[in-house]
Amino acid sequence: MKKTPFNIQINVDDLLPASSEDKAYMVKMRPSTTFFKDGVKRLLKNKIATISLITIVIITLTSIILPIFWPYSYDQQLGISPGAPVDPSYNNLAPFEYGSTEQAKIDAGEKVFPHIFGFRIVYGTRISLAVGFFASIIVLIIGMTIGSIAGYVGGKVDMVIMRIVDIIYALPDMLMVILLSAVLKDSLQPAIEGTVLAKIGSNIISLFIVFGLLYWVSMSRLIRGQILSLREQEYVLAA
């Protein structure tokens, strides 16, 4: 059929079903993947993020594995010995230097394992990672629970919870952390004496509690906002 600019007749060939070649050309199928695989691909494409992740993993494994084979405890590296006064010569030791008590042992012919630079930091890393990990879990549990209740129930319950959140937000974080840590450390010491928690120490446990009491508010607001948005979805109203 000859085509003319003002022809209003329909070309029947345009209405024929598409062939398999046409479908393969028009439809570009993406290989199936999962959310985790897609996230890993995006992470590996970002070189800075990948290097940072590898560094964090190395530091974490070092802080967990290395103290198992290290002959000194954290207190011994600070010059603290049971039943003896603190040795101040352990402060600010350079690599392969010794404290006065260790130097006396060396002079007496005893062998003392040298202090390699960085192993105090390894012990400090264990404490920092433990506080960050367990505090995050506590914050997640408290914030998710309270935020879910506030968003799902709504009404007066939501109003009361949000006013409590606003009050906690108004408190100075650093001041409350120092104050509550000092109070809880002394009150928890008799309670955990002779238990498994005594190895962790009242100071670290008090930090867990303080972070859990103060920093759940941001998580609760986030969870509440998500639940409020889901409540207004069409499929929820239809159900």
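Biologist: How does α7 pass α10, in a left-handed or a right-handed crossing?

Modeller: In this predicted model, α7 passes α10 in a left-handed crossing. Helix α7 covers residues 155–170 and helix α10 covers residues 217–231. Their axes come within 10 Å and cross at roughly 145°.

Biologist: Which residues of α7 and α10 meet?

Modeller: From α7 come D158, M162, V165, D166, I168 and Y169. They meet V217, S218, S220, R221 and R224 in α10. This contact of α7 with α10 has 5 nonpolar, 2 polar and 4 charged residues.

Biologist: Why are α2 and α3 called roughly perpendicular to each other?

Modeller: Look at the angle. The axes of α2 (residues 35–45) and α3 (residues 47–69) cross at roughly 100°. Angles of 65 to 115 degrees count as roughly perpendicular. So α2 and α3 are roughly perpendicular to each other. Their axes come within 5 Å.

Biologist: What makes the contact of α2 with α3?

Modeller: L43, L44 and K45 of α2 make the contact with K47, A49, T50 and L53 of α3. By class, these residues divide into 4 nonpolar, 1 polar and 2 charged. Lys counts as charged, and the contact includes K45 of α2 and K47 of α3.

Biologist: What makes α8 oblique to α9?

Modeller: Helix α8 (residues 173–192) packs with helix α9 (residues 202–214) at an angle of about 135°. Roughly perpendicular ends at 115 degrees, and roughly antiparallel needs over 145. The angle of about 135° therefore makes α8 oblique to α9. The two axes are 8 Å apart, and α8 passes α9 in a right-handed crossing.

Biologist: Which residues of α8 and α9 meet?

Modeller: On the α8 side are D173, M176, V177, L180, S181, L184, K185, L188, Q189 and I192. On the α9 side are S202, N203, I205, S206, L207, I209, V210 and L214. By class, the contact has 11 nonpolar, 5 polar and 2 charged residues.

Biologist: Now the second largest pocket. What is its volume, and which residues are closest to its centre?

Modeller: The volume of the second largest pocket is about 280 Å³. Of its 15 lining residues, S81, Y90, T101, E102 and K105 are the closest to the centre.

Biologist: Which helix gives the most to the lining of the second largest pocket?

Modeller: Helix α5 (residues 100–107), with 3 residues. By class, the lining of this pocket has 7 nonpolar, 4 polar and 4 charged residues.

Methods. Residues numbered from 1 in each chain as written. Predicted model: local features only at pLDDT ≥ 70, side-chain atom pairs only at ≥ 80, totals over all residues. Heavy atoms only, no water. Axes fitted to C-alpha atoms, helices over the stretch in contact; angles between N-to-C directions. Helix = DSSP H or I, 4+ residues; strand = E, 2+ residues; numbered from the N terminus. Parallel < 35°, antiparallel > 145°, perpendicular 65-115°, else oblique. Contact = heavy atoms within 4.5 Å. 1 Å grid on protein atoms, 1.4 Å probe; cavity = no way out; pocket = protein on both sides within 12 Å on 5 of 7 lines; lining within 4 Å. Points joined across faces, edges and corners; volume = space filled by probe spheres on them. Left-handed = near helix turned anticlockwise from the far one by under 90°.
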